[in-house]
Amino acid sequence: MIYVAIPTYDGKLSHPTVGGLLEAQHHLTKHGMGMAVDIIPHDAFIGRARNLAVKRFLASDATDLVFIDADEGFTLQDFALLCKQDVDISSGVYCYKKDDPGFPVVYEQPIIRVGPRVRLISCPGGFMRIRRKVFTRIMEAEPDNQYYDNDHKMIYNFFRFGPSGSLWVGEDVGFCRLARKHGFQIWGVEMNGLTHTGEKTWNHVWKPIGNEAKNEEAA
């Protein structure tokens, strides 16, 4: 079973997100596959919401966790391509909410490409699939990396954010660093249907090995 977690600030999902989600759920049900959907509302801190989603995922019998942010649009083809990758961590790379094309990725050097995916140092977490063993291995290696949440007791801190050297890094970069530290590779998957919705919907398509290919950490 696939466990889909959708962190939200106000409990609202964009129209492209809902459309993609319904299409994916219909497809999986049609083919006899299970999909649980967990919408996490009213949390201003996305890292905390992601950590809570992992806690709920690990308490289920699902094999894979897929994060879909509430402002991410996707097609059934995007979702299927994400799930079919035979890797532990795969991510659809979507654009910034800007008119000029730009993508929050940092490539490994030398660049390694396998079919539609490219190995990365870090990538966005808003359309990301993670296998269960990623979380269990990290928890076994660093059992004290937890914090006490008033509502949900002890929660493991997979999605760390905050200052790192001279940079402030987001929770998705923090997770990528933690996963790579424990031997997991991060793969970005080339897709055509991802969108990012804010005051409008942006749909720039990531073509790997473009101008953003540089070997430095992304904030």
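Mentor: Start with the cavity: on a 1 Å grid over the protein atoms alone, it is a set of points where a 1.4 Å probe fits but cannot get out, and lining residues have an atom within 4 Å of a point. The model is predicted, so local features need pLDDT of at least 70 and side-chain atom pairs 80 or more, while totals for chains, interfaces and linings use all residues. Residues are numbered from 1 along each chain as its sequence is written, and side-chain values use heavy atoms, with hydrogens and water left out.

Trainee: How many cavities of 30 Å³ or more does the rule give, and which residues line the largest cavity?

Mentor: The count is one. The largest cavity holds about 30 Å³ of space, and its lining consists of V93, M191, N192, G193, L194, H204, V205 and W206. By class, five of these are nonpolar, three polar and none charged.

Trainee: What makes the other space a pocket?

Mentor: A pocket is an open set with protein on both sides within 12 Å along at least five of seven lines. The largest pocket has a volume of about 520 Å³. Its lining comprises 27 residues, with I46, D69, Y94, E171 and D172 nearest the centre. Helices α2 and α5 each supply at least two lining residues. The lining has 16 nonpolar, three polar and eight charged residues.

Trainee: Why is Q185 called partly exposed?

Mentor: Buried means under 20% relative accessible area, exposed over 50%, and partly exposed in between (1.4 Å probe, protein chains only). Q185 has 36% relative accessibility, so it counts as partly exposed. Q185 sits in the loop between α5 and β14 (186-189).

Trainee: What does Q185 touch?

Mentor: Contact means heavy atoms within 4.5 Å. Leaving out residues up to four places away in sequence, Q185 touches I89 and R119. Q185 and I121 are 64 residues apart in sequence, yet their C-alpha atoms are 8.2 Å apart in space.

Trainee: What makes a set of residues a nonpolar core?

Mentor: The members are buried Ala, Val, Leu, Ile, Met, Phe, Trp, Tyr and Cys residues joined through side-chain atoms within 4.5 Å. The largest core here has 37 residues, and I89, I130, F158 and F175 touch the most other members. Elements that give two or more residues to this core include β1 (2-7), β3 (64-68), α4 (132-141) and α5 (171-181). The most come from α2, which gives five. A second, separate core of 18 residues includes I2, I68, F127 and V189.

Trainee: Which residues is F158 in contact with?

Mentor: Beyond its neighbours within four places in sequence, F158 contacts N51, V54, F135, I138, M139, G174, F175 and L178.

Trainee: What makes β4 and β16 edge strands?

Mentor: Three strands form an open antiparallel sheet in the order β4-β15-β16. Strands β4 (72-73) and β16 (201-202) each pair on one side only, which puts them at the edges. The antiparallel pairing of β4 with β15 (residues 195-197) has two bridges, so it just reaches the required number. Within that pairing, G73 has T195 of β15 as its bridge partner.

Conventions:
Helix = DSSP H or I, 4+ residues; strand = E, 2+ residues; numbered from the N terminus. Points joined across faces, edges and corners; volume = space filled by probe spheres on them. Nonpolar A, V, L, I, M, F, W, Y, C, P; charged D, E, K, R; others polar.
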